[in-house]
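Thank you all for making the time this morning. I would like to walk you through one model, and I ask you to keep the sequence and the structure in view while I talk.

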Amino acid sequence: MAGSFLAYSTLALLVLFVGSSSAQLSTTFYSKSCPKLLLTVKSSVQSAISKERRMGASLLRLHFHDCFVNGCDGSVLLDDTSSFTGEKTAVPNRNSARGFDVVDDIKSAVEKVCPGVVSCADILAIAARDSVVVLEGPTWAVKLGRRDARTASRSAANNDIPPPTSSLSNLISKFSAQGLSAKDMVALSGSHTIGQARCTNFRAHIYNDSNIESSFATSRKSNCPRASGSGDNNLGPLDLQTPTGFDNNYYKNLVNKKGLLHSDQELFNGGSTDSQVRSYSSNPSSFSSDFAAAMIKMGDIKPLTGSNGEIRKNCRRLN
């Protein structure tokens, strides 16, 4: 009797596990419930980037910062309230996370074609892919079916998103905690082939580090004074050559010691990831395919599915 009960319990747990695993994401999740979804998001993203090319990098970054905090659940989009502290004021997001108005616009457009159906978390995932494509990067099939969190974590955002001061071992550790390999980390870091960084995030690298090409450091210093508090929000391109074009120049820059952030240059600094950086610097197709695969893998981080979470009507607040 005891053996039968144990076998039954084990079977029940197995069924539960398989059920929860199979209730994961699918590229066809909205094919019937919202057939115009992909075209609607793409149109909105194209419109936003046509107004400001940098917005593509900002939307891509929102997806990263969402997924690294308790999974890809739209938590980064929640505004603070009198009784609730979200992630927007966490150190990695404060004064730098942007594109929230664009996400609002995308959500409004999606709500018009299929109200109450598509999560904000899924909108972020699609917008990230479309941003890369609009900026001439690779494409991939986005898996969908995420639901939105009813909570957020400022402390997790502060702890789990790797800061620009990170060492290589810290970067590998932070990505490993999300189920992402060192190879995934190097590929995903290629997102820094687009976008801008604030002076406060690269000041220490250009003034204090030795693993930086001298003329590059000098050029960056012209827009980023040494004194803390002076010009903190001045921007520098993460990729000087093509800051609004998705390509492999980021890796070429690292090989030439022209990484803007300390954490960037750590990927090519005599460590275990040097060979992968060098490979991507000379093989753009390899980078593109690995980046797409890593984005799919990142999008799988702890999604809320089934009856968990909710489908927010407004991405900034709970229903």
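This is a predicted model: local features need pLDDT of at least 70, side-chain atom pairs count only at pLDDT 80 or more; totals for chains, interfaces and linings use all residues.

**Thr-193 and its surroundings**

Leaving out residues up to four places away in sequence, Thr-193 touches Asp-239, Thr-242, Pro-243, Gly-245, Phe-246, Asp-247, Asn-249 and Tyr-250, where contact means heavy atoms within 4.5 Å. Residues are numbered from 1 along each chain as its sequence is written, and side-chain values use heavy atoms, with hydrogens and water left out.

Thr-193 sits in the loop between helix H8 (182-189) and strand E1 (196-198); helices (H or I, at least four residues) and strands (E, at least two) are DSSP runs, numbered from the N terminus. With a relative accessible area of 0%, Thr-193 is buried, and by buried I mean under 20% relative accessible area, by exposed over 50%, and by partly exposed anything in between, with a 1.4 Å probe and protein chains only. Its side chain makes a polar contact with the side chain of Asp-239 at 3.3 Å, and the side chain of Thr-193 makes another with the side chain of Asp-247 at 2.9 Å. A polar contact here is a pair of N or O atoms within 3.5 Å; within protein, one must be able to donate a hydrogen and the other to accept it, and residues adjacent in sequence count only if both atoms are side-chain atoms.

Let me turn to helix H2, residues 37-51, which has 15 residues and reaches 22 Å from its first C-alpha to its last, close to the 21 Å expected at 1.5 Å a residue; the expected span is 1.5 Å times one less than the number of residues. Which residues of H2 are buried? They are Leu-37, Thr-40, Val-41, Ser-44, Val-45, Ala-48 and Ile-49, and because they cover an arc of only 155° around the axis, they lie on the same side of H2, the arc being that of the directions from the helix axis to the C-beta atoms. In general, an α-helix has 3.6 residues a turn, so residues three or four places apart point the same way. On the other side of H2, Leu-39 and Ser-50 are exposed, while the buried residues of H2 pack against helix H3 (55-67), helix H4 (100-113) and helix H5 (120-134).

**Disulfides**

How many disulfides does a search of the whole structure find? It finds four, taking a disulfide as a pair of cysteine sulfur atoms within 2.5 Å, and, with bonded cysteines counted along the chain, they follow the pattern 1-4, 2-3, 5-8, 6-7.

One of them joins Cys-34 to Cys-114, S to S 1.9 Å, and the torsion about this S-S bond is about -50°, so the disulfide is left-handed. Cys-34 lies in the loop between helix H1 (2-22) and H2, and Cys-114 in the loop between H4 and H5, so the pair ties together parts that are 80 residues apart in sequence. Cys-34 is buried at 3% relative accessibility, and Cys-114 is buried at 5%. In the loop between H1 and H2 we also find Pro-35, which is exposed, with a relative accessible area of 63%.

Cys-67 and Cys-72 form another disulfide, with sulfur atoms 2.0 Å apart, and with 115° about the S-S bond this link is right-handed.

Finally, the sulfur atoms of Cys-199 and Cys-224 are 1.9 Å apart in a disulfide that is right-handed, with 75° about the S-S bond. Cys-199 lies in helix H9 (residues 199-208) and Cys-224 in the loop between helix H10 (214-221) and strand E2 (235-237), so the pair ties together parts that are 25 residues apart in sequence.
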